Amino acid sequence: MANHSARHIISLLMENESGALSRVAGLFSARGYNIESLTVAATEDPTLSRMTIVTSGSEAVIEQIIKQLNKLVDVVKVLDLNDGKFIERELMLVKVKATSAFRDEMKRMCDIFRGRIIDVADGSFTIELTGSGNKLDAFIESLDKAAILETVRTGASGIGRGDRILKI
Amino acid sequence: MEQSSKKITGAEILIRCLHEENVEFVFGYPGGAVLHIYDAIFHQDKFKHILVRHEQAALHAADAYSRSTGKVGVALVTSGPGATNAVTGIATAYMDSIPMVIISGQVPTYAIGEDAFQECDTVGITRPCVKHNFLVKDVKDIAATMKKAFYVAASGRPGPVLVDIPKDITAHLCKFEYPESVNLRSYNPVTKGHLGQIKKALKLLVEAKRPMVYSGGGVVLGDASAHLIKLVQSLGIPITSTLMGLGGFPASDQKFLGMLGMHGTYEANMAMQECDVLLAVGARFDDRVIGNTAHFLSNPRTIIHIDIDPSSISKRVKIDVPIVGDVKSVLADMNELIATEKPAQNSDALAAWFKKIETWRGKKCLNFAQSTEFIKPQYVIQKLHEITKGEAFVTSDVGQHQMWAAQYYNFDKPRRWINSGGLGTMGVGLPYAMGVQLAHPNAQVACVTGEGSIQMNIQELSTCAQYHLPIKVIMLNNRYLGMVRQWQEFFYENRYSESYMDSLPDFVKLAEAYGHVGMQITKPEDVEGALKEAFAMKSRFVFMDFITDQKENVFPMIQNGKGLSEMILAEDL
């Protein structure tokens, strides 16, 4: 079994019931699996939630994670997005210092990364940025650390390309 | 389907659900949050409620009822401490995949989250050690939830399912309607194995030079014993079993090499290490079975694995031919293939393989030095086997006595050996014996235990008196926590840290205080007579305190981190 650890994005559909999220979170902590991020919300069918878990592990570990997730009684379907082509996106909100001297510079940086300024205050902008995790990291790195007042990230959401569809 | 337009209470609905499921026994202990349920129990007589003396014992007894019958065990506990006391029993059943439904009371819905008296987050606490659990928030959901609970517990890889019911819900009124079937879109356990894989597996087995079957608890739980026997006999290949699988294949058969693993036989462990094709059936390659994984894998072999749980496959060891399915169904398919195809085997190679196995068997690794001075624990088990003609249900606790019972009782039938394999819970022995004796009132039930384990649930002597359970306790009393002492002797230079049991009670008097028969046996020559005398008292609970050799150890033994072929044998010392 390959011991090489790789980042995987796992999508799953589960019953939208109280406690379902903690079953998944509990599984990861109980078995010592990594969670980089976990996002969850109801789908267009309100009885189902869709969860995106970003994790990392060897091939064998990922195989076990998928099997263990499938074993949870509330989990309807599991898909390792890395098994095919997929798109991932993450949303970040960043509040940055935007005092007179920096206001234009901030606006430019925001444009370069195709972000949007969604709130403007006397000394600050709030920028909305969407993209892969790497892109969001790159934006943060390109800013002067002292200019960052606050950041919040959603964690990645993923979806298969084309006719790769996760649905019941 | 039970239908009535009359509205009844949630508690009554719950009882009706248990009737629908043909529950014979509910093991439990009352308390505030389950008072409505207990009142409903008072008004019925279809199942018998067994009042234990501690909730942990209710769980173990229900668990053993299930292990010995194959039916779902049912336990009922109150909220808070009732539920937390039950956790050890739930985790024990979970580790060994035992189908159970546990009903726990909860504080009323309006008080949940307010730190009410005897409140705890039972669903949260038990989540990691149940197959599934439910919190019922509406009286209308009780019947459907109970139906799901029994279905989930018993299907697929079985396991305990907990249903937490707030007190107010058990008082609310509703019509009773028990669903005829369950459909869970998120839960569809596989039963039939893939025929292509089964064919591939059979081809490997018949072409093998050194084939071997490694059978586990799944064979017992899946009632696949007859199919396994047929397969092994028609292929004529050697077989070993895990602790949990004992009885799945008759120990008295020449093809049976004994238990494998940490305290497995020399022949079983050597054959496991040196086979070229291994068929694992309902077993999970755990650390106590294969020892050091790297060492195990250092000998190349092709591994076929039949298991109902896909996550058991390639979990610790990479499997070459996985077959996900119910072991009984897969073995039946294999047997059918053999019957129709009559595949030719490599009989010369097989004969050579058995010859090699016989040389390993020739080591007689389970021989022990008999003594005229001290009672040897192994001797007690041998005599127990003889006197009960190998027909008894044997429950055990956890430790040296458990290993000796497993090694020397030679189980020929499944569901006769009842012990905590996965979790290794001390204290299960006596409540296990209760569950077994209630399920099989006319059977001989022996609880093989030690003076350490028995004291972890000694209060159940009272339950045994209340229900007149004629259990025979075979206590191997070496005044040590024997297995701990054995490890301290081997790995901690005889520093017996806290493993000596001082201030033991007078067990004879203790048994008598509960109205039982107590016996103390100190001389080897008295062992046989005492056992005969005890088992002759068919209607009495007999507590036998065997004062055994303090220094006896369990052999063979694979030390932690060592491989299967690196056993320490009694003769090496």
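First, the housekeeping. This is a predicted model, where local features need pLDDT of at least 70, side-chain atom pairs count only at pLDDT 80 or more, and totals for chains, interfaces and linings use all residues. Residues are numbered from 1 along each chain as its sequence is written, while chains are lettered from A and ligands numbered from 1 in the order in which they are written.

Okay, chain A. We've got 4 helices and 9 strands here, taking helices (H or I, at least four residues) and strands (E, at least two) as DSSP runs, numbered from the N terminus. Reading from the N terminus, the order is β-α-β-β-α-β-β-α-β-β-α-β-β. The C-alpha trace spans about 55 × 40 × 35 Å along its principal axes. Of its 168 residues, 27% are buried, meaning 20 or more other C-beta atoms lie within 10 Å of the residue's own, with C-beta atoms placed from the backbone; exposed is 12 or fewer, and partly exposed is in between. Take the contacts in chain A with a separation of 6 or more: 75% of them come from residues 24 or more positions apart. A contact, by the way, is two C-beta atoms, placed from the backbone, within 7 Å.

Now look at the sheet in chain A. It's open and antiparallel, 4 strands in the order β2-β3-β1-β4, where pairing takes at least two DSSP bridges between two strands. At the edges sit β2 (37-42) and β4 (75-80) of chain A, each pairing on one side only. Neighbouring strands are turned by 15° against each other on average, direction ignored. Strand β1 (residues 6-15) of chain A runs antiparallel to β4(A), with 5 bridges joining them, and A:L13 stands opposite A:K77 in β4(A). Across β1, β3 and β4 of chain A lies helix α2 (residues 59-71), at about 160° to β4(A); axes are lines fitted to C-alpha atoms, for helices over the stretch in contact, and angles run from 0 to 180 degrees between N-to-C directions.

Over to chain B and helix α17 (residues 400-408). That one's mostly covered, with 9 of its 9 residues buried, B:W404 and B:Y408 among them. Those buried residues pack against several elements of chain B, including β11 (256-259), α16 (377-387) and α20 (482-491). And back to my opening: the residue after α17(B) is B:N410, with a positive phi near 55°.

Last up, where the chains meet: 18 residues from chain A and 13 residues from chain B make the contact.
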